[in-house]
Structures are given as structure tokens and as C-alpha cells.
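Me: I'm new to this one and would like to walk through it with you. Could you show it to me first?

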Amino acid sequence: MTQLSLIVNNKNNVDLLLKPIKDGDAITEASIFELIEKSEYTRLHTNIANIKNSIAELNDVLKPLQSGKFGREITYQVLERIDATISVSIEHDVMAASAEITASQGGKNLSAKAILEAAQASGVKKGFSKENLVKLAQLAAKEKPLTLVSLQIAMGKLAIKGKDAVINPLVESAQSRILRPKTRDDESVDMRDLGDIICVRVGDPLAEKIPLTLGENGYTVTATPLIAEPGNDVALVSGNGTEISSTNKNILVSKRVGLPKMIPNGMEVDEVYRVKNVTVGSGNINFTGSVIVEGDVNEGMKVIASGDVTVGGFVESAMIESGGDVTISGGIIGHKHDVETTKITDVKMSVSVNSKGNLYAKYCQYAQINCSKNMRIEKQLLHSLISVNGDLKVGSEEYSNGILIGGYIKAGKHVSAGSVGATAGSNTIISFENIINKLNDKMQDIESRIQFENDKTTELKIASDKLKKLPKSPANTEMLSKVISTYQFHAKRMGEVLFEKEAHESTMQTYMESVSIEATDKLYNGVQFILGNINDRTRKEYGPSKMTYKDRKIHINPIVNS
């Protein structure tokens, strides 16, 4: 029988060696495969074509031989060692690169270093993960022959934009101080003790500018640098009574003894007038600067200040006018009126507060208030005439959990409270006329300009048509040219105004759909919602609800607390 064996050749592959002998069992592909299966070379790649060729050549050699005679030896390489191969791909944005390895078949595996070198040869220069290089090499070495194994091996770094410069206050304002009143030793709160913190001395630091940062540069996996965008700068603004420190350009200091007040990107210090109570004995106060009343403002008294007004106690049937914020730690209390039988807008309140800034008080009843910014009443707002350009909130700093009953409220955008209205059905009228009236005024101005341009273009068109019918002459031609030019000017202007009208209509619609009345606990019967010519009211009691406008209707939707 022909002898067959496997021997390693000088290429470290494996040859099939056949020693032909005439007669005996025939050598087939199956017997060669059985030999391979029993050998130590089962992981190598099998060259089936060479196996077929070896059998064909064996048969040719055996054919002329006499029985028992040997023929020449036949050698074919039938098993090959295939080394692992690698391909490297770079993402389209050049921020990541991956390697795909075809596992070896009895050949050499790729080391982490070899993977790194292959990636570098493919253009990957930066951002390599040593951990992933090692991991990929280990995974590919364990896989079945010719299995594909891929892993991300490099990652770029995005540039990180620098932080914007910010202005941090170093002192509290009167309002922030009063909203966090002093606690006594027995843990009770002294609402009348405003302390000395709100007053600063000459040279005291007021605000600090934290400079912008330049950010962190990044890179792609091909080592292209990504330059970071620096943060936005902001100038430290020195308001009245302040100056930039001579020793630190990023610190704002006080130039006077007074009341610190935040302004955009800085602070100012108002001169301060302090008084224990405003009574007949102290007289009315009219002060250029800020006023601190440690106690109450009594009935019939007036406090007028160009800056903030801070009251540690109550304002009772008195008048406050402030060019800044008004902060009242107690309440605003006026004389009671029979609002059930008298139209609320006909009532003249005995207490009035006018604030050009924000307004805060713990209670408010039977009062007339005008506030240019936002207004917050902590506990109860009852039967008052309110005009606030910003938002009205009845509740704590965190939650709208106070009580709003009755009155006529003109608000800018949002009104929120725990309960709105009352079981007795007291009329609570909430109107958003402050802003809608301004928007309507602008629309009327736009409409009048459209009418003007329309009249002009009509007039010029008639003039143009008449001139075209006149006999041609240099004078008539020149006049026609001027009329046409003027017509085109006004036609263009009308187009611009029509575009302005379209944009303003969109602004009005957006505003109207953004206003709301929110009751986080109860919305009672008799709450009236007025928005332009839309006027509706609640006719029953609701749980937590929100009133909004959409599609020319007032909608009442439940508030779902998560």
C-alpha cells in the first residue's frame, strides 16, 4: 500500500509526502483528510486543489508499475499557515478609528504593537486606546480561524469651548436678605431684624468677575488640531457708588456707605436712609437713594425713593413709590371695601405701592399696586388692584402655594397661586391687557402705515396712467420717470410694512398662546380670564388646573403632578 505522511517544509507549511507502491488499498481524498484530522495541523488551511493533484499524480505513477514495485515520491503542499490580517478604517468625521482583524489560521497572530503600527501606517496618529489595542489582539487570538473581530482603537478629542466670564455678587441685596431673615437663638425668625449685612462700607468688595477661560483644544485621530473657542467675555460694570478695585481689576468695590444693588454685569450702591418707623413723628420720606424702614409705614404716610425701598414690618394704608425693588417683610394692608356690591375697578384703595423693579410682600389685601417687573406675594393676595408687567406669583420662592382671591389683576404673562378664586364665588378678574394693548397699539400703527402707502401707490398709479396718455415730450417723459420711481419706492415700502405686519401677527399669536393662569391646588368658580377681545370665566370648581388660550378659546386643563 502507498505510504503517506505529513512533513513540515522550509516555509513552515505542511507537505503531503506519497511513496507509491503498486497494489494495496487506493489512496483517496478521504484517506488524506483522515490523516490531516489525526495530525497536529488541523487548524491550518487545507489546499484541496493540491490534494486532488497529488492523487491524480499518484495514479499516473502507479499505472505503469508492476505489482509490489515502488514509484517515485510525490510531494504537494496541502496545509498552509495563514497569518492574521488587519484593515483599519477612519470615521468620516475623523474623530474615531477602528481595526478589523481576520483571525489567523495556524499562522501568526497580531500583537497590540503590530495593530498600532498598522493603524499608524493607515494614517491614525493620535488618540490610541492602549487598553483596546491589547483587548483586540487577545480577542483575535482566541477566535476561530478567519473570524472577523473589530474594535475601536482610537478616539479623537473634541475641542471644549471655554467658559463665559461671569459676575458673582459678593454681598446680598436687601431683598435676598429679607427673604432669608435672621434666626434668633430660640430658632424663631425676626422679620424686623434686617441686620447690617445689607449696608456696605467704603472699600467693601461687592462683586467679582470670574474671567473667561480659553477652553481646551482637541484633535482628530489623524492628529489635526481642533482649536477651542474661548468663552464670551463680559465687562464688570461699575454703577453709581462703585469702582473697580485698584489692586484687582476683577473686583468691584464700594465708594460709599450704602445699600448694594445688582445691575446687569455689576452693582451699584445707593445712599441709604434708615428709619425705625414712618409715622407722623418722622414725617414723610422723599429720598434720592434707597430707604430702609426697620419697622412699619403707618397710615397716611408716604415713602418716595429713587432706589429700593425695604420695609421690615407692615405698610398700612400708606403710599410707597420706588425707583427700584420694593421688599416688605410684613404685609400691605388697606381699608376693607365691600367688593361684593361695588365694582372692583371703582374702588379707591387706601394703600398704594409703585415699584419700578420687583416687588415682594408676605401679605397683601385691599391694595393698589403697580409693578414694572415681577411680583411675589408669599401668603395671601386679597381683593386688590394689581398691575404687573412681569409675572405674578402667590406662594413661596419654590412653589405657587398661596391664596389669590378677588380683585382685578393686569399681568404680563403668568399668574400662579395655590388656589385662585374662592368658594363664595368672589369675582377674580385676571387680564393680560398690559402687553396685549401695547401689541394692539403697534398693530394699529402698522395698519395706518399700510393705509398711507396704499393711498400713495394708488395716487401715483393714477398719475402714471394719465402721463402715459399725454403726447411724448422731454418734460412729460421726465415727469413720468419721477412718478414711476416714487411709485416703486412706496410700493417697496408697502411690501416691507406688510412683511412687518405678518411678523407682528406671529408675535401676537405666540404671546397670546404663552399666557396662563395656574392654580396648583384649586381653581374656583368665577375666575375671569381676559385676553384682548377673548373673555371667559370658570363656571365650576376645578382641582389643580391651568387656564390657557388657543384657537380663539380659553382652555382649562388639569395639572398632572409627577
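This is a predicted model: local features need pLDDT of at least 70, side-chain atom pairs count only at pLDDT 80 or more; totals for chains, interfaces and linings use all residues.

Me: Leaving aside neighbours within four places in sequence, which residues is Glu-378 in contact with, and which one does its side chain meet in a polar contact?
Reply: Glu-378 sits in strand β30, residues 375-382. Beyond its neighbours within four places in sequence, Glu-378 is in contact with Ala-361, Lys-362, Val-394, Gly-395, Ser-396, Gly-402 and Tyr-360. The polar contact, at 2.6 Å, joins the side chain of Glu-378 to the side chain of Tyr-360.

Me: Are helices α3 and α4 roughly parallel or roughly perpendicular to each other?
Reply: Helix α3 covers residues 112-121 and helix α4 residues 130-142, and they pack with their axes 8 Å apart at an angle of about 115 degrees. Angles of 65 to 115 degrees count as roughly perpendicular. The two helices, α3 and α4, are therefore roughly perpendicular.

Me: Which residues meet there, and how many of them are nonpolar in the contact of α3 with α4?
Reply: From α3 come Ala-112, Ile-115 and Leu-116, and they meet Leu-133, Val-134, Leu-136 and Ala-137 of α4.

Me: How are α6 and α7 oriented to each other, roughly parallel or roughly antiparallel?
Reply: Helix α6 spans residues 433-469 and helix α7 residues 474-512; their axes come within 8 Å and cross at roughly 160 degrees. An angle over 145 degrees counts as roughly antiparallel. That is why α6 and α7 are described as roughly antiparallel.

Me: What is the handedness of that crossing of α6 and α7, and how many charged residues are in their contact?
Reply: The crossing in which α6 passes α7 is left-handed. Sorted by class, the contact of α6 with α7 holds 22 nonpolar and eight polar residues, and the charged ones number 11.

Me: Is the crossing of α1 and α2 left-handed or right-handed?
Reply: The axes of α1 (residues 29-38) and α2 (residues 48-62) come within 10 Å and cross at roughly 125 degrees. That angle makes α1 oblique to α2. Glu-29, Ile-32, Phe-33 and Ile-36 of α1 make the contact with Ile-48, Ile-51, Lys-52, Ser-54 and Ile-55 of α2. As for its hand, the crossing of α1 and α2 is right-handed.

Me: How many aromatic pairs are there, and what is the angle between the planes for Tyr-273 and Phe-287?
Reply: The count comes to two aromatic pairs. Tyr-273 and Phe-287 form a tilted one, with 5.7 Å centre to centre and planes at 40 degrees.

Technical notes: Residues are numbered from 1 along each chain as its sequence is written. Side-chain values use heavy atoms; hydrogens and water are left out. Axes are lines fitted to C-alpha atoms, for helices over the stretch in contact, and angles run from 0 to 180 degrees between N-to-C directions. Helices (H or I, at least four residues) and strands (E, at least two) are DSSP runs, numbered from the N terminus. Angles under 35 degrees count as roughly parallel, over 145 as roughly antiparallel, 65 to 115 as roughly perpendicular and the rest as oblique. A crossing is left-handed if the near helix is turned anticlockwise from the far one by less than a right angle, and right-handed if clockwise. Contact means heavy atoms within 4.5 Å. A polar contact is a pair of N or O atoms within 3.5 Å; within protein, one must be able to donate a hydrogen and the other to accept it, and residues adjacent in sequence count only if both atoms are side-chain atoms. Rings of Phe, Tyr and Trp (its six-membered ring) pair if their centres lie within 6.5 Å; planes under 30 degrees apart count as stacked, over 60 as edge-to-face and the rest as tilted. Ala, Val, Leu, Ile, Met, Phe, Trp, Tyr, Cys and Pro count as nonpolar, Asp, Glu, Lys and Arg as charged, and the others, Gly among them, as polar.
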